[in-house]
Structure formats: structure tokens, C-alpha cells
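Subject: Structure handover

Hello,

Here is the structure I promised you. Please open it, then read the notes below.

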Amino acid sequence: MLHPVDAAMREHAAQQHSTFARRQALAAGASPEFINGRVQSGDWIRESLQALSFPGHDPACVRRRIWLALHQAGPDAVASHWAAMALHQVEGFPLARVAVTVPHGQGNHRNPFGKVHQTVAPASPVLIDGIPTTPLARTLVDMGKVLGKKRLGEAVDDAVAARRLTIPALSAVYLPLARSGREGVRTMAAVLATRDEEGYVPPHTVLERLLDDVLDTLPGPRALRQYDIGGRHGLPHRVDRIFLMPPLIVEGDGRRWHMRVRDQKRDRERDRHALRLGYPTARYGWEELMYEREAVRAELLALLERG
């Protein structure tokens, strides 16, 4: 008959990629001698001083290594930095590196499974696949310590484009940490300096992703991407998205307001050229695509006369 401690550890392990912490075994009633006996019999594997597991599982599994790192680091440890970026599925950050963060002065900082960071301002974790993880905004601020401005900015743009974060929400997390003078805040400061809500100019790939988020919800044939309508007098040949039947060009405009005003004449020339070819044009700015998605969708349905 299964011992109650074994049953309790199997329950923990089922949620922690076949791993469990020594403290979890002790809390379930195991003595140090009981733990040693299970290890010596081969029923349990001692992964480190504070981490144990059941045999028969892939030791290279990164999620398993994250759990082992958390067990070793202590009860208040959370997945962070590279590991958190991957768990949050930020583009360009595969699940390959293990990093955890512990409150300053707590936990075990010698960890065979990954990098351990300390913080004087712990964040309330979110659970991703059951793994306690720093929230996305906090993760991005923390990554200012290890990333350059360009790559960190791209990660912020991806998170904003995926509607998982707003610039004000990121700023609200950043500002209290910036006042503490923590390492890496200058990098995030540089990223936020060019991404205030009124003046934010997203990369065109981000803008197109937002545009597709709306277009993909429309019934009927999908819009064609980067379609060549043929140019004249130096006008660009390609449009962002185009419906052939009924004919309609849909463009995303990520320029700042003053740039749009300056380029109005050029835009009107492009639109008239497209109209001569039988294609009216609907243009939507960053703010509309980000914050007025349903209104944009309703207008496009009306323009396309689709149910």
C-alpha cells in the first residue's frame, strides 16, 4: 500500500514535471531518514540538496529544470528573466535558459540548475503552466539588465502588439523600480522614452499584425498581403492589405500625427491612384487599431457589406 508521504509527493510531482522539494516532503511528514531511505532504494532521485524527483523522466526538459531550480532556490523563488520571457511566449526567446529570482537575503543562491537573481522588490507571481513566474511587465523591466535597447524595445513592441501589455501599464511597473536605482533601469528608460502613448510609432510589422488581428475576424475571403497595384510618378507599388472582391485597400498608418499631416498630399495622391484602378482605400492609425478594434471591424464590415 502506498505510503501517505509517497502519495503526497506523487501529487506534487504531477504538477511539477515529476519533481518536488525536500521541504514539501518534510511538510508531508517525511523525516530526513525517510528521505534518505527513498533515495537509497531508487524510488526517489536526489537532484540537489533541496530538490528531488521521481525516476524515468527527461533530464533535459527545460520546464523540469525550472522546477528543480525553484525547489533549490526556496519557497519564494519565481521563474524570471530569460525563463520568464520564454514562458510568456515573447517572440525571439525560446525556452532554453533557466533563471529564477529570490527576495534579497532569502533562499539558496547556489543553484546547479540555473542563474539566481535577487531583488529587494519581489513581484507577485503569475502561474504559467503552474510555474510561479514574474508578470510580463516586470519581466521586461528585469530584462533591461541583460538586453540592449534595440532587443528590449522589440520585445516591448511584440508584447504591445499582442495586446498583452500597454505602455502605461509597463510604465507603472517601471517607475517604482526606477526610483530604487536598480541595475538595468536605464535601458528600459531609453525604450519608454520613445514609446509614450501619444508619440508611439510601432514598427510596421507590429502595425500589420494589429491590422491582421482585425481582418482575420472578417467573414469571407481573406485580404491579400503586400499586393502590388502598380505605381506612377514615384508612388509606392505595394499596399498593406487588399480585398479583390469587393475591391478595398486597407492600410495601417503608424506615423506620428505631425508626420501624417505633412504627408497628407502624398497619401491623397496614392489614394486617387488606387481609386482610378477601382480600389477605394481605408486607412487606420495605430491608436485605432490598438484601442478601437471593434469600431474598425464594424466599419470594414460595412465597407465590404459582409454579414
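First, a definition: axes are lines fitted to C-alpha atoms, for helices over the stretch in contact, and angles run from 0 to 180 degrees between N-to-C directions. Helices (H or I, at least four residues) and strands (E, at least two) are DSSP runs, numbered from the N terminus.

This is a predicted model: local features need pLDDT of at least 70, side-chain atom pairs count only at pLDDT 80 or more, and totals for chains, interfaces and linings use all residues. Residues are numbered from 1 along each chain as its sequence is written, and side-chain values use heavy atoms, with hydrogens and water left out.

The helix pair: the axes of α10 (residues 204-215) and α14 (residues 293-304) come within 9 Å. They cross at roughly 60 degrees. In contact (heavy atoms within 4.5 Å), Asp213, Val214 and Leu215 of α10 meet Arg293, Val296, Arg297 and Leu300 of α14.

Strands pair if DSSP finds at least two bridges between them. Four bridges join β10 to β9 (residues 224-228), antiparallel. There, Tyr227 partners Val239 of β10. β10 also pairs with β11 (residues 247-253), antiparallel, over four bridges. Ile242 stands opposite Ile249 of β11. A hairpin of two residues links β10 to β11.

Best wishes
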